[in-house]
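Subject: Structure for you to look at

Hi,

Here is the structure I promised to pass on. Please open it beside this email and follow along.

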Amino acid sequence: MFSVTVRDHVMIAHSFRGELFGPAQGLHGATYVVDVTFRSRELDPNGVVIDIGAAHQALKDILGPWAYKNLDELPEFAGINTTTEFLAKAVFDRLAAGARAGLLGRPGGELAEIEVVLNESHVASAGYVGPV
């Protein structure tokens with residue numbers, strides 16, 4: 001399988017509900033380095049997996065509205081613990097929808113899967129991978 005990865009980052013604030021989260025129940029910040037890998041079984045006629053520029057722009061467009069925001073205050077996340085795992089799936093859902101709509105420079109049906117990894121630090125990351 002062929003793959004292409006694009007990367008961006010986003011700085012957010014949020015808090016969590018539940019004793020499991022200990023001190024993270026309070027408002028805190030995070031800077032996520034976000035890696036998205038697009039996979040396909042075959043290269044397209046241009047010899048690529050995806051249009052890297054379009055894929056990177058799509059990622060920037062998804063992360064932009066979250067940048068420097070308290071996610072607890074965004075209506076789309078009302079009442080949700082915006083864990084790293086949850087946010088990885090949220091990024092995936094938006095990218096997969098864009099791929100299916102043909103917005104990434106290649107018909108979505110030609111992509112096998114997308115993997116999204118949010119790196120919290122040098123020691124921890126979480127992600128989501130699924131079919132397009």
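**Helix H2**

In H2, the buried residues are Thr84, Leu87, Ala88, Ala90, Val91, Phe92, Leu95, Ala96, Gly98 and Ala99. Buried means under 20% relative accessible area, exposed means over 50%, and partly exposed lies in between (1.4 Å probe, protein chains only). Helices (H or I, at least four residues) and strands (E, at least two) are DSSP runs, numbered from the N terminus.

Before going on, two notes on the source. This is a predicted model, in which local features need pLDDT of at least 70 and side-chain atom pairs count only at pLDDT 80 or more, while totals for chains, interfaces and linings use all residues. Residues are numbered from 1 along each chain as its sequence is written, and side-chain values use heavy atoms, with hydrogens and water left out.

Back to H2. What covers its buried residues? The cover includes E2, H1, E4 and E5. The length of H2 also checks out. Its 17 residues should span 24 Å at 1.5 Å a residue, and its end C-alpha atoms are 24 Å apart, which agrees. The expected span is 1.5 Å times one less than the number of residues. Just after H2, glycine 102 has a positive phi of about 75 degrees.

**Helix H1**

H1 covers residues 52-63. Its twelve residues should span 16 Å at 1.5 Å a residue; the end C-alpha atoms are 17 Å apart, which agrees. Buried in H1 are Ala55, Ala58, Leu59, Ile62 and Leu63. They cover an arc of only 130 degrees around the axis, so they sit on the same side of H1. The arc is taken from the directions from the helix axis to the C-beta atoms. The buried residues of H1 pack against E1, E2 and H2.

Look at the N-terminal end of H1 too. Aspartate 51 caps it. A side-chain oxygen of aspartate 51 lies 3.0 Å from the backbone nitrogen of glycine 53.

**The strands**

Start with E1 (residues 2-14) and E2 (residues 28-40). They run antiparallel and are joined by 13 bridges. Two strands pair if DSSP finds at least two bridges between them. Alanine 13 has glycine 29 in E2 as its bridge partner.

E2 also pairs with E4 (residues 113-119). That pairing is antiparallel, with seven bridges. Valine 36 is partnered by valine 116 in E4. Aspartate 35 stands opposite valine 117 in E4.

E4 in turn pairs with E5 (residues 125-131), antiparallel, over seven bridges. Leucine 118 has alanine 126 in E5 as its bridge partner. How many residues does the hairpin between E4 and E5 run through? Five. E4 is mostly covered, as five of its seven residues are buried.

Threonine 37 is in strand E2. Is it buried or exposed? With a relative accessible area of 12%, threonine 37 is buried. Its side chain makes a polar contact of 2.7 Å with the side chain of threonine 5. A polar contact is a pair of N or O atoms within 3.5 Å; within protein, one must be able to donate a hydrogen and the other to accept it, and residues adjacent in sequence count only if both atoms are side-chain atoms. Leaving aside neighbours within four places in sequence, threonine 37 is in contact (heavy atoms within 4.5 Å) with Ser3, Val4, Thr5, Glu113, Ile114 and Glu115.

Lysine 69 is in strand E3 (residues 69-70). It counts as partly exposed because its relative accessibility is 38%. Lysine 69 and histidine 14 are 55 residues apart in sequence, yet 8.4 Å apart in space, C-alpha to C-alpha. Apart from neighbours within four places in sequence, lysine 69 is in contact with Met11, Ile12, Ala13 and Leu74.

**Aromatic rings**

A search of the whole structure finds four aromatic pairs. One is phenylalanine 77 with phenylalanine 86, edge-to-face, at 5.8 Å centre to centre and 80 degrees between the planes. Rings of Phe, Tyr and Trp (its six-membered ring) pair if their centres lie within 6.5 Å; planes under 30 degrees apart count as stacked, over 60 as edge-to-face and the rest as tilted. Phenylalanine 77 is buried, at 2% relative accessible area, whereas phenylalanine 86 is partly exposed, at 28%. Trp66, Phe77 and Phe86 form one aromatic cluster.

Best wishes
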